[in-house]
Amino acid sequence: MEMKREDWRLEIGDRRAPISNLQSPISFLRPIFNLQPLIFLSLIFLLSACTSTPPVVKIGLIAPFEGLYRRTGYAALDATRGALDDARINADEIGVIPLALDDLADPARARRSAEKLMVDQAVDAVVGPLSPATVEEARDALARAPLWIAPYAVDPAGGFADPAEATAWADELVAAVASAVRQQEAERLVLAGWTPGWPGHTGDEWTQVAGMPVALSDDPAAVQANDAALWLGDPAGGARYLVDLRQRRPDVPFWLGPQGGDPVFAERTNGETPGPLREVYWATWAPVSYNAPNFPDTPDAQLVYLAVRAALDQLVGAPAADNMSLPTLRMPQWRIRFFSFDDDGVSQSIAFE
């Protein structure tokens, strides 16, 4: 479903010249209204050509707006709207046209949405899709975008990385989880649910990244008593894996990446695992510090917000520099945040030394 422009509730700005600006020329033309229509229309065209219009930038957002993961998509939509509002761009100087396309969190649908978006050669930037699997499928189409930001693909050194090439976001995230599970006294990390878009490392290469033994297996039966498991796939798949895992290993630490923040995961495990989500955690990238009127509360929406602000900073440039509420945004700094779940399945921030 493609969101209509009015759904964003943005004030793009009226590009028609104010009536007051045309009063004098029209008064001047009254004596010649009886001239041939072609001459009169030619004069009107020349006057219209002198009216200045602001440049326009188009920003596309690819996210799930229908289906199982629609709440994450609409959170991204709200974050995008908030980022545009907080940028305080003068619509008389630059017009911003946002375009939203649904991908159902499905890789094939993400590719089609990306291809549809790229048909418009006036699109200046694309934010999304929101997961490694959907980005991987859409990467060939979005390679043609002048500017492309996948919110999860941060550059650990600051800002965002090329989503088609970057792996540091994944490597450092897995390394941070490995450090946490060592503190939980796990002796091996099992990576499950790998999808394209995550680095295609071998087990030995992941072992080097993690600094501890790593096994690659989607079979919960392969998890041993002294292991911890990290799920890399979609939230619903992670819920199914955890339900199966808890029947065999009720106490091993179970981890997810950023997808742990999607409400689908907690909902799909509710009542399916023994007791609350005990020994269940997730990790994600988040800004070191950031405040703005419309800055979201949840980490995944925060990443979308910052991706949109980073895109605006590059696209709008000097004309809006004086109006940007937080010009230091050009290079957001990152840290990895950890979360567990309370008895109601609500995420709560935790810390590991």
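**Notes on pockets, rings and backbone**

1. A friendly start at the surface: E185 is exposed, with a relative accessible area of 67% (exposed means over 50% relative accessible area, buried under 20% and partly exposed in between, with a 1.4 Å probe and protein chains only). E185 sits in the loop between α6 and β5 (188–192), just after α6. Its phi is near 70°, a positive value in a residue other than glycine. Helices (H or I, at least four residues) and strands (E, at least two) are DSSP runs, numbered from the N terminus.

2. A word on the basis: this is a predicted model, in which local features need pLDDT of at least 70 and side-chain atom pairs count only at pLDDT 80 or more, while totals for chains, interfaces and linings use all residues. Residues are numbered from 1 along each chain as its sequence is written, and side-chain values use heavy atoms, with hydrogens and water left out.

3. Two further backbone points. Most residues other than glycine have a negative phi, and most peptide bonds are trans. L104, which is not a glycine, has a positive phi of about 60°. L104 belongs to the loop between β2 (95–102) and α4 (107–119) and is partly exposed, at a relative accessible area of 32%. The peptide bond from G128 to P129 is cis, with omega near -5°; P129 is in the loop between β3 (123–127) and α5.

4. Now helix α6 itself. Spanning residues 168–183, α6 has 16 residues and reaches 23 Å from its first C-alpha to its last, close to the 22 Å expected at 1.5 Å a residue (the expected span is 1.5 Å times one less than the number of residues). The buried residues of α6 include W169, L173, V174 and V177.

5. Where is empty space left? Rolling a probe the size of a water molecule over the atoms shows this. On a 1 Å grid over the protein atoms alone, a cavity is a set of points where a 1.4 Å probe fits but cannot get out, and a pocket is an open set with protein on both sides within 12 Å along at least five of seven lines; lining residues have an atom within 4 Å of a point. Grid points are joined across faces, edges and corners, and a volume is the space filled by probe spheres set on the points.

6. The largest pocket has a volume of about 580 Å³. It is lined by 26 residues, with L130, S131, P132, P235 and Q259 closest to its centre. Two or more lining residues come from each of α5 (132–142) and α10 (299–316). By type, the lining divides into 15 nonpolar, seven polar and four charged residues. Here Ala, Val, Leu, Ile, Met, Phe, Trp, Tyr, Cys and Pro count as nonpolar, Asp, Glu, Lys and Arg as charged, and the others, Gly among them, as polar.

7. There are two cavities of 30 Å³ or more.

8. T284, in strand β9 (residues 280–287), counts as buried at 1% relative accessibility. Leaving aside residues up to four places away in sequence, T284 touches L173, P258, P299, L303, R335, I336, R337 and F339 (contact means heavy atoms within 4.5 Å).

9. On to the rings: the whole structure holds 17 aromatic pairs. Rings of Phe, Tyr and Trp (its six-membered ring) pair if their centres lie within 6.5 Å; planes under 30 degrees apart count as stacked, over 60 as edge-to-face and the rest as tilted. F160 and W334 are edge-to-face, at 5.3 Å centre to centre and 70° between the planes. F160 lies in the loop between β4 (148–149) and α6 and W334 in strand β10 (residues 334–341), so the pair ties together parts 174 residues apart in sequence. F160 counts as buried at 19% relative accessibility, and W334 is buried at 8%.

10. F254 and F265 form a stacked pair, 6.2 Å centre to centre with 15° between the planes. Because F254 lies in strand β8 (residues 254–256) and F265 in helix α9 (residues 263–269), the pair ties together parts eleven residues apart in sequence. Both F254 and F265 are buried. Ring pairs also link W231, Y241, F254, F265 and F341 into a cluster.
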